Amino acid sequence: ITGRVDGAVFYEGRLVEELGELGWGRDYELDRPKYERARKALRDFLRAVRPIGEPTPYYAILVADGDRMGETLAELKRFEEHRDLSGALEDFARGARTTVTEHEGSLVYSGGDDVLALLPLHRALECTANLAENFAKKLSCFALGARGPTLSAGLAIVHHLMPLDESLALARAAE
């Protein structure tokens with residue numbers, strides 16, 4: 001198989017459709033021996049890389065954003081304080097990639113107090129908690145009284161066929 005291939009080829013139930021789109025013919029005219037070889041190769045591959053079988057078609061999409069950032073900025077009077085806050089946010093954003101990767105996820109975006117990531121279901125809650133903890137630690141010295149900046153997060157569990165804009169809207173609504 002060459003060219004652009006959709007991740008749906010990893011689901012046996014979608015293999016015929018995906019191979020058809022790659023030019024192997026449609027359901028009724030698909031080269032059966034070729035299809036059976038592809039199906040066997042997929043099964044062998046999945047057994048080799050994931051003994052539990054076909055991957056789950058669901059994933060979690062995480063949207064996170066810092067809280068009380070406007071209040072925090074309004075309290076800063078000196079240039080050095082603004083520089084320190086920017087540095088803390090940069091440290092958090094850089095560390096978000098490591099946190100997401102450690103939880104088997106893919107970071108889409110991390111900048112300042114914003115994070116967008118795709119995560120496997122079994123690691124999504126732990127990753128979200130770790131990000132919030134890291135954010136609170138990095139920004140703890142900017143607390144206003146007893147209340148420091150915190151990270152709000154929204155998680156949506158979505159099917160891989162759900163359009164990304166709809167998935168993002170669900171995660172944003174959860175946040």
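Is Glu 36 buried, partly exposed or exposed? I began with this residue and found it partly exposed, at 39% relative accessibility. I note here that the model is predicted.

**Entry: helix H2**

I looked up the partner of Glu 36 and found a salt bridge with Arg 39, the closest N and O atoms being 3.5 Å apart. Both residues sit in helix H2, which covers residues 32-49. They are three residues apart there, so about one helical turn separates them. My search of the whole structure gave nine salt bridges. I followed up some of the others. I kept in mind that side chains of opposite charge can pair when their charged atoms come close.

I went to helix H4 next. Glu 90 forms a salt bridge with Arg 94, and the closest N and O atoms are 2.8 Å apart. The two are four residues apart in H4, again about one helical turn. Glu 90 is partly exposed, with a relative accessible area of 46%, while Arg 94 is exposed at 51%. The cut-off for exposed is over 50%, so Arg 94 falls in that class with its 51%. I also found that Glu 90 and Arg 94 belong with Asp 91 to a network of salt bridges.

Is Arg 123 buried or exposed? I read 18% relative accessibility, which counts as buried.

In what order do the strands of the open sheet stand? I read E2-E3-E1-E4, four strands with antiparallel pairing. E2 and E4 stand at the edges with a single partner strand each, so one side of each has no neighbour in the sheet. Neighbouring strands are turned by 10° against each other on average, direction ignored. I recalled that strands of a sheet pair through backbone hydrogen bonds, either parallel or antiparallel.

I then took strand E1, residues 58-67, and counted its bridges. E1 is joined to E4 by 10 bridges and to E3 by six, and it runs antiparallel to E4 and to E3. I checked Ala 64 on both sides. Its bridge partner in E4 is Ala 153, and its bridge partner in E3 is Val 115. I also noted Gly 66, which has Leu 151 as its bridge partner in E4.

Why is E1 described as largely enclosed by the rest of the structure? Seven of its 10 residues are buried, and E1 is therefore largely enclosed.

I looked at what lies against the strands. Helix H5, residues 121-138, lies across E1, E3 and E4, and it runs at about 165° to E4.

Which residues touch the most other members of the largest nonpolar core? Of its 21 residues, I listed Val 100, Val 115, Leu 119, Leu 131, Phe 135 and Leu 139. E1, H4, E3 and H5 each supply at least two residues of this core. H4 gives the largest share, six residues. Another core, of eight residues, lies apart from this one, and among its members are Tyr 59, Ile 61, Val 63 and Leu 116.

I traced the contacts of Leu 131, leaving aside neighbours within four places in sequence. Leu 131 is in contact with Leu 62, Phe 92, Ala 96, Thr 99, Val 100, Val 115 and Leu 151.

One of these contacts, Thr 99, I looked up separately. Thr 99 is in helix H4 and counts as buried, at 6% relative accessibility. Not counting residues up to four places away in sequence, Thr 99 touches Cys 127, Asn 130, Leu 131 and Asn 134.

Where is Glu 104 placed? I found it in the loop between helix H4 (79-102) and strand E2 (106-111). Phi of Glu 104 is near 65°, a positive value in a residue other than glycine. Glu 104 is partly exposed, with a relative accessible area of 49%.

Technical notes:
Residues numbered from 1 in each chain as written. Predicted model: local features only at pLDDT ≥ 70, side-chain atom pairs only at ≥ 80, totals over all residues. Heavy atoms only, no water. Buried < 20%, exposed > 50% of the residue type's maximum accessible area, 1.4 Å probe, protein only. Pairing = 2+ DSSP bridges. Axes fitted to C-alpha atoms, helices over the stretch in contact; angles between N-to-C directions. Contact = heavy atoms within 4.5 Å. Core = buried A, V, L, I, M, F, W, Y, C linked by side-chain atoms within 4.5 Å. Salt bridge = Lys/Arg side-chain N within 4 Å of Asp/Glu carboxyl O.
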